[in-house]
Amino acid sequence: MENESDMVNVIVLLSPLILSLFSQLYIRLGCKVTNYVGEETPYSLGGSMFFFVFYYVYILNLDLGLATIFYIVVLWLTGLIDDRFGTKYPKGLKGHIDLFIRSRKISTGLLKLVGTFVAACLLVVVDVPVFPLGILNFIVIFSLLILTPHVMNLFDTRPLRVWKIVFLHGVMFWSLLLQMPFHFIVGLLFVLITFIYFEATRKAMLGDNGATLLGGVVSLLMIYHLSLPIQAVICLFYLFIVVVTEKISLSKWIEARPVLKWIDRWGVS
């Protein structure tokens, strides 16, 4: 048990090195993009996030079902495909669907949407026993599994924006976190701060593969640890965001509001 604890401490302390190695790997593979200030940045935080998600699954001894693992892998993989081969246009859900209807072309965005839909279906049917609880549970949980990754992806157009949204969600899981041992909380905070530092200093970015994966993790926490009424309210709020962002630019909307603009830029170097 002591050897396992030592391994945990080593992995946590090595998190800056792990993120740097993923960054170099993504650069070598050509997995980088020009960010909003014109710098070439690898979208390697998604790969690092994928590693740490399963690292924490292991050390917490979580018994994930195969459908849940499939959901996590599909979110990361389709996000990575979108990062690597996606184009600037079309934009929005409507744009990807219209492109398919008009020309029968499957964009990387549509592939991500279909992949998430299929993975969410499998998860709800196989790993989450919602049918005995009623159709409302099914609709809400299924919607969260699809909408949360998409909403995180919508916010991932500036550094730290997704992390700030995750922090707002984290307030709902405060009591869950306090049940963990103190050394675990400290280690988790160290890893999260490392991720935030890399993105704030533009050494790496989440990319679609990181934002959708992070959204998937948040959705799993919500369906297992929040009550149905709270899940339903969050689901409706997500739906509102998706509908609104099909018509207006989220970044322009934030820039036009001084308080939100200040929050958006806080912590970014």
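Student: How do the axes of helix α6 and α7 lie to each other, and what makes the crossing right-handed or left-handed?

Tutor: In this predicted model, the axes of helix α6 (residues 108-127) and α7 come within 10 Å and cross at roughly 145°, where axes are lines fitted to C-alpha atoms, for helices over the stretch in contact, and angles run from 0 to 180 degrees between N-to-C directions. The crossing is right-handed, a term for a near helix turned clockwise from the far one by less than a right angle, left-handed being anticlockwise. Local features need pLDDT of at least 70 and side-chain atom pairs 80 or more, while totals for chains, interfaces and linings use all residues.

Student: Which residues of α7 meet α6?

Tutor: F138, I141, F142, L145, I146 and N153 in α7 meet residues of α6 that include K112, F117 and V124, contact meaning heavy atoms within 4.5 Å.

Student: How do you know that the length of helix α7 agrees with its number of residues?

Tutor: The expected span is 1.5 Å times one less than the number of residues; the 21 residues of α7 (residues 135-155) should therefore span 30 Å, and the end C-alpha atoms are 30 Å apart, which agrees.

Student: What makes L147 in α7 a kink?

Tutor: The bend is the angle between axes fitted to the seven residues ending at a residue and the seven starting there, and at L147, shortly before the proline P149, a kink of about 25° lies in α7.

Student: Why is α7 called mostly covered?

Tutor: Buried means under 20% relative accessible area (exposed over 50%, partly exposed in between; 1.4 Å probe, protein chains only), and 15 of the 21 residues of α7 are buried, so α7 is mostly covered.

Definitions and conventions. Residues are numbered from 1 along each chain as its sequence is written. Side-chain values use heavy atoms; hydrogens and water are left out. Helices (H or I, at least four residues) and strands (E, at least two) are DSSP runs, numbered from the N terminus.
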